[in-house]
Amino acid sequence: RCLPNPHWEMELRKLTGCDQAVIHFLQKEPKVQQMLEHIIYFLETWIPQFAAEDRSYLTIALGCTGGQHRSVYLAEQLAQHFKPQREEVLVRHRELGIRGEELPR
């Protein structure tokens, strides 16, 4: 909730974090990029610890006020970052009712 919210931009309100206009809006915001970098650093630090404990899965949940802009964007960015390194990275956008692989690219 501390990140700039595309909901308050009328032309972005009905879009999601997978739409190019919202992606562009969030990518240009330094706070958003800093948070993304911090989350990636945290996960890169701790995922190996989970793997060393033979954990079969790890759930990472992100939220934002409406569940369609910031959390969707961050979840997609994290998936894009980790898919080349990890098997079976799955994305589910609860508020959108869809999985990442169902989204138009």
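The crossing of α2 and α3 is right-handed, meaning that the near helix is turned clockwise from the far one by less than a right angle. This is a predicted model, in which local features need pLDDT of at least 70, side-chain atom pairs count only at pLDDT 80 or more, and totals for chains, interfaces and linings use all residues. Residues are numbered from 1 along each chain as its sequence is written, and side-chain values use heavy atoms, without hydrogens and water.

**Helix pair**
- The axes of α2 and α3, as lines fitted to C-alpha atoms over the stretch in contact, come within 11 Å and cross at roughly 45 degrees.
- The contact (heavy atoms within 4.5 Å) includes Leu-36, Ile-40 and Glu-44 of α2 and Tyr-73, Leu-78 and Phe-82 of α3.

**Largest pocket**
- The largest pocket has a volume of about 1200 Å³, a pocket being an open set of points on a 1 Å grid where a 1.4 Å probe fits, with protein on both sides within 12 Å along at least five of seven lines.
- Its 32 lining residues (an atom within 4 Å of a point) have Leu-58, Thr-59, Ile-60, Val-89 and Leu-90 closest to the centre.
- α3 gives the most to this lining, with six residues.

Notes
Points joined across faces, edges and corners; volume = space filled by probe spheres on them. Helix = DSSP H or I, 4+ residues; strand = E, 2+ residues; numbered from the N terminus. Axes fitted to C-alpha atoms, helices over the stretch in contact; angles between N-to-C directions.
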